[in-house]
Every structure is written in structure tokens, then in C-alpha cells.
Amino acid sequence: MKLLLLGSGGREHALAWKIAQSQKIEKLFIAPGNAGTATVGENVPLKADDFEGIRTFVLANAIDMVVVGPEDPLVKGIYDYFRQDSALAAIPVIGPSKAGAVLEGSKDFAKGFMQRHGIPTAAYRSFNGTNIEEGLRFLETLQPPYVLKADGLCAGKGVLIVPTLDEAKREFRGMLDGMFGQASATVVVEEFLSGIECSVFVLTDGEHYKILPEAKDYKRIGEGDTGLNTGGMGSVSPVPFADAAWMQKVEERIVRPTIAGLKAEGITYKGFIFLGLIKVDRDYAYAKSGDPVVIEYNVRMGDPETESVMLRIQSDLVDLLEGVAQGNLHERTLVADPRNVVCVMMVSGGYPEKYDKGYEITGIDTVNNGQTADGQPLPPGCSRDESVVFHAGTAMNDGKVVTAGGRVIAVSSYGDSKDAALAKSFTEAAKIQFEKKYFRRDIGADL
């Protein structure tokens with residue numbers, strides 16, 4: 001099979017790494033890819049939302065399947081674009097229809113969907129420029145802190161959690177005034193949920209589903225979960241509190257009603273569903289302490305969770321994707337690696353605010369050489385060949401790998417325990433060097 005993967009980040013490198021292992025793959029292309037994806041497939045100079053360019057490439061290269069990594073092409077309707085073109089219609093696209101992608105593209109729609117299908121989620125109301133005063137009064141009925149969400153896509157930056165009512169009212173007005181452009185023309189105001197978060201990933205053919213290994217990511221730039229939110233500083237899988245009993249609640253109360261709800265509403269959905277969940281630590285009207293509650297849906301794999309989850313899938317991912325395309329996913333096998341995996345993300349100095357690009361990256365070839373950065377033996381419990389380097393924001397310049405983004409390199413490692421996997425990732429991350437490199441050393445410590 002010839003497969004085209006769309007995207008350019010760490011998520012796409014992890015997907016490409018796993019896809020390339022399949023015996024079913026004859027040729028893997030990544031558009032546009034990065035310096036890392038070029039080591040497992042062939043990069044193509046096309047943007048992930050250049051539908052016409054993708055069409056030309058797919059037809060010229062006899063592509064058999066398209067896998068969509070990021071949300072933007074999905075929200076813009078790449079699935080429908082293929083289905084409506086007679087030359088493309090027979091080529092499977094792994095990702096939801098435009099109607100399905102609204103689960104991520106509109107938080108107001110997602111909240112309404114959950115209410116319609118009895119899926120536990122925080123109490124909320126949505127407001128726009130026509131009912132500002134009503135929104136201000138609703139804020140007064142809530143307890144601090146206050147959660148404000150831009151309805152549309154904001155590259156992960158459209159959620160504010162503010163401590164005081166006065167600040168909440170000020171930010172509410174600012175969002176409706178265009179703080180996030182058209183994306184915050186509607187603002188969702190939510191009840192704050194207290195607890196610990198977890199990401200659960202589902203692969204579905206629209207009728208059947210497989211629940212992939214869960215993960216927990218770390219969004220804050222600073223250790224101890226302090227500082228500004230980022231695209232993600234690392235991830236851990238498995239998640240200790242996501243035991244069989246808790247995951248049974250997730251499946252019965254969230255996964256099944258989500259798949260059934262999409263079908264009931266006539267929404268075509270063939271791809272990944274990301275469930276951003278929280279294990280609440282007190283009782284709510286819709287959940288008891290310890291229960292899973294949905295914070296958000298995403299319509300693709302998470303990043304940097306994918307950099308942990310892909311290492312834990314022992315099955316042939318392409319075989320599973322074929323099951324999605326053919327509608328027989330239930331006949332395919334999903335086997336999870338029992339080991340722990342920890343991903344540590346190395347970022348550019350200054351990220352998530354202003355940072356420089358173009359610094360040379362060295363030391364990648366020293367990963368898994370059986371030593372620490374200063375030539376000492378590996379820490380106890382760490383095996384030699386148990387780390388994988390995933391490129392997130394990198395590029396090639398005159399034959400050298402250079403930084404090209406805020407999140408630069410992810411190191412994901414196996415371990416028989418979480419602590420062993422942590423130690424291995426930190427040991428290998430220390431070998432990779434670039435100007436102003438930074439990474440958190442406490443990934444998974446809260447577990």
C-alpha cells in the first residue's frame with residue numbers, strides 16, 4: 001500500500017514511525033513532514049490543508065490511503081472533499097467528515113452533543129454579542145475559578161481559567177471583542193471541574209471502535225505545573241488511576257454514547273476521537289467523586305500523547321486503519337505493550353512566547369548508545385535500546401538538523417516502571433543539544 005500522512009509535528013513523526021513498521025506499507029509519504037519523518041518515509045512539500053495540491057499528488061502517485069494528523073484539514077472538510085470527487089472517492093481518508101470534525105471545531109456544538117446524548121460534562125452556557133449581559137449574570141452564579149472557552153479553533157490557546165469574578169467578566173468581554181478573532185465570536189462559559197486529567201483515544205469505523213492506550217499529558221511550561229500553557233511538555237502511558245474499573249465507566253458512559261450519538265445524528269466518522277477527560281475529586285450533579293467527565297473532544301490524536309501511545313501499540317497500525325476504512329474494525333486485533341512509556345519534550349528557550357529558530361541540533365545519533373551524556377553507565381532499570389526520538393519542530397538546513405518551532409524534539413522511552421521510563425527519557429534528552437534547550441524534569445511525578 002502507498003500511504004500519505006498529512007502533518008508536520010511530533011504527532012505525525014510518531015504516527016509515521018509506527019506506520020512504517022507495517023508489512024503492508026510499500027511507500028509512505030508525509031506532507032509536509034519534518035526532519036524526523038524524512039527518516040521513515042518521503043517528505044512532500046505540500047501543506048496539510050492544500051486540498052488541490054494533495055489531490056494532484058494522490059492521483060499522480062497512486063496513493064491508497066490518506067491519514068490526517070492535525071485537526072485543521074478535518075475541520076476544513078478534507079474527508080468530504082475526497083468523497084465528492086469521483087477521481088478520489090474510492091481512496092479512504094482516515095478522519096471524520098466535516099460534520100464530525102465540528103466536535104472539535106465548535107465547543108458549543110460539542111457541549112450540546114454531550115447534553116443530547118447524556119454524556120457527563122461540566123455545566124455550561126454559550127454567549128455571543130447579542131446576550132453579553134446575560135453572560136455576565138451567568139458568571140455571577142458560578143464559583144471561582146471561571147472557565148471561558150472560545151467556540152472555534154485557536155491553536156490550543158482559546159481557553160482561559162481565571163481566579164476572580166471581575167477578571168472573568170473582563171476576559172469575557174475581551175473574548176467577544178475579538179481576543180481570538182472570529183473563533184471567540186461565541187464564548188462557552190463552563191463550571192470549573194476539580195480533579196486530575198487523562199487522555200483517552202478511540203479509533204472508530206463509525207460503527208465499531210477500539211480504545212487505544214490512555215495517556216496523561218503536561219501542558220504547563222514550568223515544573224510543578226506552573227507557568228504558561230504550552231502545546232504539551234510531555235506525556236505518560238499508562239495512567240495509574242485509569243484502571244479497569246475506571247476505564248469501564250469511560251467506555252459505558254462516554255465512548256459508547258459518543259459513537260451511538262454520532263450515528264444517530266447521521267454524522268460520518270471514520271478516524272480517531274480524543275477524549276479529554278477528568279477524574280473529578282468531588283461530587284457534581286452529573287458525576288460522583290472519582291468518575292470520568294468529558295472536558296473536550298478532539299477529532300485526531302493528541303500531541304504529545306501520540307509520542308507515548310504509539311510505542312504502546314504492538315499491533316499493526318495500518319491493519320487497524322484498514323479496518324476503519326472497510327468498516328470491519330471489530331475483526332482486527334489491538335494488543336497493547338504492558339510496559340510504561342514516558343515522553344519528554346525539549347523546547348526552544350522562550351517558548352511558548354517569543355523564541356528563535358535555526359539552531360543546529362546535535363547528539364540525536366548518541367541516543368541509545370548505552371551511556372549517559374557524560375559517558376557513565378545507564379541508571380538502574382534502563383535498557384540500552386528503549387528510547388525513540390521524535391521530531392516536532394525541526395527542519396533540514398545545509399544537511400544539518402535545525403530547530404524550526406517552539407516544541408523541537410520529543411524523547412519517548414520504555415521502562416518496566418514509570419520511574420525507569422522517566423530516568424531513561426531524561427538520560428537520553430540530556431544527550432541532545434541545541435541553543436537554549438529546555439525540558440521539564442518532573443513529567444509523571446504527580447502520578
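Buried means under 20% relative accessible area, exposed over 50%, and partly exposed in between (1.4 Å probe, protein chains only). The model is predicted, so local features need pLDDT of at least 70 and side-chain atom pairs count only at pLDDT 80 or more, while totals for chains, interfaces and linings use all residues. Residues are numbered from 1 along each chain as its sequence is written, and side-chain values use heavy atoms, with hydrogens and water left out.

**View 1. Asp49 and Lys76 form a salt bridge (2.7 Å, N to O).** A salt bridge is a side-chain nitrogen of Lys or Arg within 4 Å of a carboxyl oxygen of Asp or Glu. Lys76 is partly exposed, at 43% relative accessibility, and Asp49 is partly exposed too, at 29%.

**View 2. Asp225 pairs with Arg440 in a salt bridge (3.0 Å, N to O).** Arg440 is buried, with 1% relative accessibility, whereas Asp225 is partly exposed, with 37%.

**View 3. A salt bridge joins Asp291 and Arg253 (3.0 Å, N to O).**

**View 4. Met310 is among the residues with the most contacts inside the largest nonpolar core, which has 64 residues.** Such a core is a set of buried Ala, Val, Leu, Ile, Met, Phe, Trp, Tyr and Cys residues joined through side-chain atoms within 4.5 Å. Leaving aside neighbours within four places in sequence, Met310 is in contact (heavy atoms within 4.5 Å) with residues including Trp17 and Leu317.
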